Amino acid sequence: MRDENCIFCKIANGEIPSRTIYEDDDFRIILDLNPATRGHALILSKNHYKNLYDMDDDMVSKVLPLAKKMVHHMQEKLKCDGFNLIQNNNEIAGQTVFHFHMHLIPRYKDDNQSFVMSPGNPEIIKDEDIDKVRDMLNS
Ligand code: 5GP
Ligand code: ZN
């Protein structure tokens, strides 16, 4: 399950060196080359999945427990004050590397970073639109 042209396949499987902070049979965790905060890390699957959409359920079920383990470890070592976990799917959502990865982003009181969501446009925040979406998803 590799893609010859995928840089994260090469990194995850050790063909390209990386600053690895964890590795097991299924995942490698590396430090991001362009960190948003100190310690910004990426969980990479060893198999090639474009993103969450096409990942095996078995692998999906391992990601969050691993993220939890790592945030405890990183919290202890880096003395950060919190974490953002970000996982982008498709270009519109900010995905730039099309191999599954999850960002582990340590947060510090004065890190000048922000991942705050802005409220939606006036159309989608109306009660009737939210009701419509609920009905679409429950139909
Ligand atoms: P995305 O925007 O796809 O969710 O995130 C891609 C991330 O991968 C970015 O934060 C970017 O800095 C990081 N990145 C891209 N290429 C490399 C690389 O070759 N090595 C490492 N360590 N990080 C990379
Ligand atoms: Zn890949």
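The elements that give two or more residues to the shell around ligand 1 are helix 1 (7-12), strand 2 (27-31) and strand 5 (101-107). Helix 1 contributes the most, with 3 residues. Helices (H or I, at least four residues) and strands (E, at least two) are DSSP runs, numbered from the N terminus.

## Surroundings and polar contacts

There are 16 residues around ligand 1, of which Asp32, Gly94, Thr96, His101 and His103 come nearest; a residue is near if one of its heavy atoms lies within 4 Å of the molecule. By class, the shell comprises 8 nonpolar, 7 polar and 1 charged residues. Ala, Val, Leu, Ile, Met, Phe, Trp, Tyr, Cys and Pro count as nonpolar, Asp, Glu, Lys and Arg as charged, and the others, Gly among them, as polar.

Polar contacts to the ligand are pairs of N or O atoms within 3.5 Å. A polar backbone atom of threonine 96 lies 2.7 Å from an oxygen atom of ligand 1, and a polar side-chain atom of asparagine 88 is 2.9 Å from an oxygen atom of the ligand. For leucine 33, a polar backbone atom is 3.3 Å from a nitrogen atom of ligand 1. The protein covers 81% of the 520 Å² of accessible area that ligand 1 has on its own (Shrake-Rupley method, 1.4 Å probe).

## Salt bridges

The structure contains 9 salt bridges, each a side-chain nitrogen of Lys or Arg within 4 Å of a carboxyl oxygen of Asp or Glu. In one of them, lysine 46 pairs with glutamate 23, with the closest N and O atoms 2.6 Å apart. This pair links distant parts of the chain, 23 residues apart: lysine 46 is in the loop between strand 3 (41-45) and helix 2 (57-78), and glutamate 23 is in strand 1 (residues 20-23).

## Fold and conventions

The chain has 3 helices and 5 strands, in the sequence pattern α-β-β-β-α-β-β-α. Its C-alpha atoms fill a box of roughly 50 × 40 × 25 Å along the principal axes.

Residues are numbered from 1 along each chain as its sequence is written, while chains are lettered from A and ligands numbered from 1 in the order in which they are written. In this predicted model, local features need pLDDT of at least 70, side-chain atom pairs count only at pLDDT 80 or more, and totals for chains, interfaces and linings use all residues; side-chain values use heavy atoms, with hydrogens and water left out.

Definitions and conventions
A polar contact is a pair of N or O atoms within 3.5 Å; within protein, one must be able to donate a hydrogen and the other to accept it, and residues adjacent in sequence count only if both atoms are side-chain atoms.
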